[in-house]
Structure formats: structure tokens, C-alpha cells
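Please open the model in a viewer and follow the selections below in order.

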Amino acid sequence: MAVILDLVVQNAQMLLVLLLAPLLTGFVRKAKARLQRRRGPSLLQPYRDLLRLSRKETVLAEESSWLFRVIPYLIFAATWVAASLVPTFAAGLMFNWSADLIAIIALLGSARFFLALAGMDVGTSFGGLGSSREMMIATLAEPATIMIVFTLALLAGSTQLSQVAAFMLSPAVGLRVSLGLALVALVMVAIAENGRIPIDNPATHLELTMVHEAMLLEYSGRHLAVIELAASLKLLLYLSLIACVFLPWGQAQPGAGPAAQLAGVGAYIGKLAVGGLFLAWFETSIAKMRVFRVSDFLGAALMLGLLGTLLLFVSRSL
Amino acid sequence: MSAWFGLAWVCVLMAVAVFALLNGRAQNSSAAVYGACFLISFVGLLAALIHLISGAPESEIVLPLGLPWIGAHFRVDALTAFFLAVVNLGGAAACLYAIGYARHEAEPQRSTPFVPAFLAGMNLVVLAGDAFSFLFAWEFMSLSSWALVMAHHREEGVARAGYVYIVMASFGTLALLLAFGLLAGPQGDYAFAAIRAHQASPLRAGFILALALAGAGSKAGLVPLHVWLPLAHPAAPSHVSALMSGVMTKVAVYGFIRIVFDLLGPPQWWQGLPILAIGGGSAVLGVLYAMMQTDLKRVLAYSTIENIGLIFVGLGLALAFEANGFRTAAALALTAALFHVLNHAFFKSLLFFGAGAVLVATGEREMDRLGGLIRRMPVTSFVFLIGCMAISALPPLNGFASEWLAFQAILLSPQLPQWGLKLLVPAVGALLALSAALAAACFVRVYGIVFLGRPRFAAAKGAEEVDQWSLAAMASLAALCVIAGVLPGLVIDGLAPVAQALVGARMPAQASLPWLSIAPIAESRSSYNGLLVFAFIAMSASLAAYVIHRFASRALRRAPAWDCGYPDASPLTQYSAEGFAQPIRRVFGTFVFRASERIDMPAPGETRPARIDVTLHDLAWELIYAPIALAVSFVAERLNRIQYLTIRIYLSLVFFSLVFLLLALAVWP
């Protein structure tokens, strides 16, 4: 019985992240539009976009290979699995232990690997440009993330997200320099990884600085829909990760009843809204930077993460 | 498996080598030789695995060969069995591949006899139980591989590669010779058992460690002793490149482990410092160099340096943990290193085979002349993709599993009491993470340029899939990459006896954990389940594909590429290998390579093309090797005069040296 219940909660989480992801994207767009004194599209617009794309005919480039058609599903699967393994409304999900924080980061790395390959598959110059820049960004963002993971894991004594969240709820945590550094670094990485301003602009095409969109140029129809959904999921994942680690309050604990689970869902949506608002505010108040300054931005994130880890190696109380 | 058995199959390999030498020019003799080697290596692999899993006792034999007062010792213990498995697995795969590949060699008889000899040499290094047999086998391995590097000696650059290789190999053997001399002590105990019995003083241990790092490290390709590796490994025929990169570097790792973990006695904490620093540096520098290369096989050779760096980081951590008495942590770090040894043997062999297949199909190694091979060589491109994913440490493949274990070991290191380690280990962790991310970038580049996109030149356009033997070898290695990644617990349990023998502890048994997950310390601390992650990805991907195909539009149309409305028909407008590396070169290159770009932009109206010239400096070569070479030639020029003296002066020289030596002997206490 308990196993079935666990399975239900796990599946509920998988569905929840899938359903909420486009809404979050829509919400960020809406909030950004309002901050810019525009009315903006409806909150539901991303869902409509996905539906429209999936109904359209898919146009494949003549030079594209079988890999090009498989990659959207692989990207989606890797991102979805990663997003389902981050505790959102309830801690201690059934399969949380099957992949720890390092594995979740690496799953996102797999998704990126395939996306970069897709950019190169058709053999256009824009695709190569996007892939090459994406991998440059990743070479700095990924180690920064691992350093953040190290900081959290050293504090909590575990790389399991559930354990980290439990530690954050315990009174042992207190105010720590290393946690502050990790939070700042994680926010920076999240912005870079999701291709938001100032690293990349999700709203433009045909800009010399584009990264993520350049890799998708040749995709259309259902393939594009799947990739767009994966991109939304990734944004949701990073916000969930920040929420789970730094704001774990309100999460349903293992063994809690349905009421607590529902309250957990409410708290989770609230946290996402706060995160989305912050993202919209940040994006509105900052300008896009040149591609070759991205390394400074992410290098700073890497150094912050390393500093956090070093502090913990020096003393567990920092 | 007893040591007798090991020796017997070394002898059979040598017999095959002699047969190949005698029948070099006969039709199909190379296929027969490689077939025989495949069978022998396969039997060896099975025997080694059985020994490792069954936990058979050590066995040692002494033959009246070699130095008269020592004899030749050969022994098989857990460490030997593991490395025998790695050597013979790589050997079996390479021979299977070569059955097909050797048909495309212009002069197969130049390499056929040396491959069995090379395999026998590597087996013998691992089996050796005394310093003399070890060094003899080591030198035999070096020389037979040198002969293989020189197989295509008329091609440009091969002669130089062979020259640099033989110089560095001699240097390495010299360092190992001195290391064993120090280990043996004044009594001259050259048998491993006798060396183990007495312990070296800290100063002497430091010298031995430095010499072992220089000797084994130069063979393994640690920076800055790596210069020969990217020259020699690509110069050999591809199956030999795979053997050298995938297997011979592992034999070097074996030599290092044998000396430092086994013969040197209880470690000191500071011994971990140089290993960690050099390992971390090699990891990052190796992959950065790889990123800058445009020759496919050179990229793979440089990436070997990176992986060897990862392995040495694991070894350094294990040493530091063991010195402080954290034996389970030491077992974890050592297991991570050995797991990576196995993984690297899998995927680097696979990738070199793939590079060989590309070479056979197109005659090209230059990445910028290839492209679009995924349509011409579907099977090769699929297995090569698995290799690229595995080496980029992507879950759920095997590269990630060992990398994950290494990270877990690093996370245990705050308990180390020494400040030097406390400060170095997190930095090394950052280097490890950086090298993993760079490896992903490097292999996206390799795969994207070589296999994806449009063919850049006619050679790539006319490529055809390679023969069945080569495909079978590549596919089985790819399958092993997947299996080791999905079921890492099996490998960890298999390595437990090795860890037990070397650091006196083992990781907790993994096979009993639910769902075949792995938990290095405790499940509440960290766990990873490759099988479930693999299953989840497969299920979600098929679910998504099913839903899309069931409910979404299935209309599909082929059309010219869009490329923002400006598609260019010329395939040369695609990103090149160098162009792809440019952002990363800009970020890291000015610091690591002192890279400089010179742009030559014609004035408006001029018709000559614009040019960009990039200069990269290999600092290891320019700062270390070039001055040494200069000094050697300077001294040689001065000494040259001695060759043109009269007979009287020569006689007096002999006389005075004799007097001097006798005096020295008389004065010596």
C-alpha cells in the first residue's frame, strides 16, 4: 500500500512539473511585460504555442540525419527525469535516491550535449555558432554548479537533495557565509544555464549574440514543441532546485497525509511565483552582455562556488 | 589462475609473434595472427576475471632465469588479475578489430609480428614479481610499441614521433631503474617480496615517489612528461593506437600503483600532494590541448592525458586517505581510480577504433576535411556516439559512474587533518569538474565536425561503412560502456579484492542493495542508480515519442536548410574544428597557451581573402624540453672534440681514469 502511495506521489510530481513548466514560462513573460509597461501575452500562451507547434507540419532540413529526429525526445527525457528527481512539493520521493544532486546536474549535461549536437547536425553556420558558444558557457557553468553542490553536500553531509533539504530545515544550519556564496553562485548559474539575460536572450532571433535559439533554428513543428517544453522544464527545474535547497519550508515530509501534500503544492507554486517575479525583475533591470564577457560572469560564479567549498574545508562552521 | 598459466599464455603470444615474423608476407597471415591473438587474449581475460571474482589466493613462481642470484619471479594477486583483465580485454578487442583493419594496411607485415609481442610484453609487466623481470618486460613493451609506432615510417612526422618516443621511454625506464635501486636498498633485494619486507626512510620514500612519478608517469602521459604521447599514439596504425592509449597507459598506472601502494610501505600524507597536483593539472591541460587539435587521432591522444590525470587524482586521494588511516575512504578513492582505468580502456579503445574506421573509409584524419559521416557510416557513427557520451561523463554511461565515485571521494576529504590537503583537494575537485565539462565540449566538437553536418570534401562524401570485424569490436566495447554504466555495482564489487589488498579495506558490497543502486558509504549520504536512470530516460523518451506520434501532426516534409534565410550551398561555410574551439580558446587560451590571434583584413576593394592566424605555444615543450635539447646539443658539441685526439692522449686518458677510480675506491670508507 505504502509503495503504491509513494508511486502515486512520484507520478504526481512528474505530471506537476510537466504541467507547470509552460505556465512558469508564461508567467515570467507576463511579469516581464508588465514591468516594461506592456500588457503581454496571456499566461496560457506557452500552452497554446506548444499545441500549435505540435499540430503543424514538421519541416526537416534535407541534410539532417536520424540523430536530428531522435534528439528532441532525448533532451526532453533527460530534462524531465532530472526535473522529476528534484523534490518540489514533497521531500523523500520514491525515486529520489536513484540520482543525487551530481547526477541531476550531469543529466542536464546530457541534454545539453545532445542539443549542441543537434545544432551541428544540419551543417549550417548558425547552428555551429550556437553549439560552440553553448559549450563554452557550459565549460564554466558546469564546474560552478559542481562546486555549489560540493558546498551543499559538505554542509549537509549528503549529496541527496532530500537530505540537503532536511538539513536546511534543521536548526543546525544557521547563517553561513558559504551558503550565501552558494546561493549567489547558483542564481548566476541558473541564469546562464537557462539562457536568460544577461547571458542570452530567449526572446530574440537573428542576433549576433544568440546561443540557445541558434541551435534550434532548424527545428520545427512537433520537434520544436518538445524542445520548447524541455527548455521550460529546465527553467522550472532550476527554480525548484533553488527553492528546495534554500527555501525548503512548506515541503511535505515523508509520510505526510494528502492535506500536507496539497499544502506543499501550494507552497511550491508560491515559491515558483516569487522566483519567476525575481527573474523577470532581474531581466528587466539589466542589459545583455557581450558573449566574451560571459566568461567573466561565470568565472565569478565558479570562484564563489570554490570559495564556499574552501571555507567548508577550512571550518565546518563557516 | 596460477602464475604458470599467465606465463604459458605469454609464451603462446610470443610464439604467435615468431610465426608472424616468419610468415609476414604470406596471404592472410595477418588475419590468422590477429585471430589467434584474439583467442589467446580472450582466454586470458576470462582467466583473469575468474581469478578476480573467485578470490583465488596469490600464486608465485620462481624461474632460474634473469639475474642468477634473484631468479625470475612471477606472481598473480588481485591487482595483477585486474590489470591482466584490462590488458587482455583491450588486446582482444584490438585484435578482433585488426582482423578487418589490417586488410587496409599497405604493409601489414610491418606491424603484425609486433602486436603479439607488445601484448606479451604488457602481460609480462603485470605478471612480473621482481624488479629485474619488471624492468625487462617494461623495456620489451616499450621497444615493441616503438616498432609499431614506426610501422608507417615513411609518412611525414612518424620518424620524429618515434625518436621522441624512444628518448622519453628510455628516460622513463631509467627513472624506474633508479626507483627500484632505491627500493631494493643496499642488500640488493630485487624480489618484490623482499622489497616489501623492509621500509624506506621518509627521504628515500620521497625520492622513490618522484622517480616512480617520472618513470610510470612519463609512460602514462602525465603533464609535463606527456610530449611524446600525442606524437606517438596517433602515428601508429589505429588498432595499435587503441592499444597504446587504452592499454599501455594502464600498464603504466599499474607500475605506479605497484611501486607506491604496494612496495613503498605505509604512505606519508604529503605523498598525496604531488600526485593530486600533477593529476589535476594533467586533467585540465590534457583536455584543453585536445580541444585545440584538428587531427582526430591527436585529439584522442590528448584526451588520454586528461583521463590519466583523473586516474592519478583518484590515486592521490587514496594515498592521502590511507596515510591518515581512513581506510574505507581510501578504498573509495582507489576504486574510483581503478574503475576509471577500466572505463578508459573501454571508451578510448572504442574511439580509436572509430577513428581508424574513419581513416579507412575516407583516408583522412584531419577533422576539417570530414563531415556528414553519420549518413555514410551508420553503425560506426552510432557506436562512436556512445564512446563520445561515455568519455564526456554523461549519465547513464560508465564515464559518469567513475567520475561520480571520484566526486564522492573528494567530498569525504574535509576530514583530512593536514592543511596542505585541505586547500589542495577542493581546488583539484574544481579542476576535475572543469575537465569533465571541457571533455564534453571537446567531444561535441569531434562528433559534430566529423560525423554530423555536410561532407566538406569528396573523401567524406564517398565514405563507406567498414567491415564486420571492426564493427563487431566497436559494438562490443560500446556495449561494455553501457553495461558498466548501468550496473556500476558489479564493477565496484569486482574491484573490492584489489582495494582490500592495497589499502586494507573495501567499499561496502553493492550487489545486495535494492534495485542494484550504488552507495559508496551509506544510502542516506549518496546513492546513484544507473539502471533506474537509464530506464527512466528510456521510458520518458518513448512515452514522449508515443504521445507525439499518437496525438500530434505526423506530417513531415524535407526542405532545404533554413539557416535564418541565408543558407549557403558550400559545405565549407560550416563551423570548422578550429572555429568551434575559438570561444574556449579565448577563455582559456591566453593563459594556458599564450594564444595570440593576428587578423589580416584586406582594405575595401582588395580581392585577396581575409586571414586569421592563431599562434599557440606548447609551454611544456618551450620551457622544459627545448632548453634541455639545447643544452644537450651544446654539451655534445663541446665533447665532440674528444673524438679527434691522438692515440697517446687516449691512452693517458684511460690510464688517468684508472688511477682516479682506484684512488676513489681506496679512499671510499
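In which loop of chain B does Asp563(B) lie? Select the stretch between E3 and helix H22 (577-592) of chain B: Asp563(B) lies in that loop. The model is a predicted one, and in it Asp563(B) has a positive phi of about 45 degrees although it is not a glycine. Most residues other than glycine have a negative phi, and most peptide bonds are trans.

**Two cis peptide bonds**

Remain on chain B and select Pro395(B) with Pro396(B), which are joined by a cis peptide bond with omega about 5 degrees. Pro396(B) is found in the loop that runs between helix H15 (378-391) and helix H16 (398-411) of chain B.

Next, select Ile197(A) and Pro198(A). The peptide bond from Ile197(A) to Pro198(A) is also cis, and its omega is near 10 degrees. Here the loop to display is the one between helix H7 (177-193) and helix H8 (212-216) of chain A, where Pro198(A) is found.

**Chain A as a whole**

Chain A contains eleven helices and one strand, and along the sequence the pattern reads α-α-β-α-α-α-α-α-α-α-α-α. The radius of gyration of chain A is 19 Å, close to the 20 Å that the globule rule gives for 318 residues, so chain A is as compact as a globular protein of that length. Along the principal axes, the C-alpha trace of chain A spans about 60 × 45 × 45 Å.

**Chain B as a whole**

The C-alpha atoms of chain B fill a box of roughly 95 × 70 × 60 Å along the principal axes.

Colour residues 268-543 as domain 1 of chain B and residues 619-667 as domain 2. The centres of these two domains, taken over C-alpha atoms, are separated by 47 Å.

**A helix pair in chain B**

Select helix H3 (residues 78-101) and helix H13 (residues 327-362) of chain B. Their axes are 10 Å apart and the helices pack at an angle of about 10 degrees. Because angles under 35 degrees count as roughly parallel, H3(B) is roughly parallel to H13(B).

Display the side chains in this contact. From H3(B) they include Phe82(B), Val86(B), Leu89(B) and Tyr97(B); from H13(B) they include Leu338(B), Val341(B), Ser349(B) and Phe353(B). The residues of the contact divide into 13 nonpolar, three polar and no charged.

**Where the chains meet**

Finally, display both chains. How many residues does each chain give to the contact? Chain A gives 75 residues and chain B gives 71 residues. On the side of chain A that touches chain B, the elements giving two or more residues include helix H2 (45-55), strand E1 (58-61), helix H4 (101-121) and helix H5 (125-156). H5(A) supplies the largest share of that side, 18 residues. In kind, the residues of this side of chain A divide into 43 nonpolar, 21 polar and eleven charged.

To close, select E1(A) together with strand E3 (residues 556-559) of chain B. These strands run parallel and are joined by four bridges. One bridge to display pairs Thr58(A) with Leu556(B) in E3(B).

Technical notes. Residues are numbered from 1 along each chain as its sequence is written. Chains are lettered from A and ligands numbered from 1 in the order in which they are written. This is a predicted model: local features need pLDDT of at least 70, side-chain atom pairs count only at pLDDT 80 or more; totals for chains, interfaces and linings use all residues. Two residues are in contact if their C-beta atoms, placed from the backbone, lie within 7 Å. Ala, Val, Leu, Ile, Met, Phe, Trp, Tyr, Cys and Pro count as nonpolar, Asp, Glu, Lys and Arg as charged, and the others, Gly among them, as polar. Two strands pair if DSSP finds at least two bridges between them. Axes are lines fitted to C-alpha atoms, for helices over the stretch in contact, and angles run from 0 to 180 degrees between N-to-C directions. Angles under 35 degrees count as roughly parallel, over 145 as roughly antiparallel, 65 to 115 as roughly perpendicular and the rest as oblique. Domain bounds come from an automatic or database domain assignment. The radius of gyration is taken over C-alpha atoms; the globule rule is 2.2 Å times the number of residues to the power 0.38.
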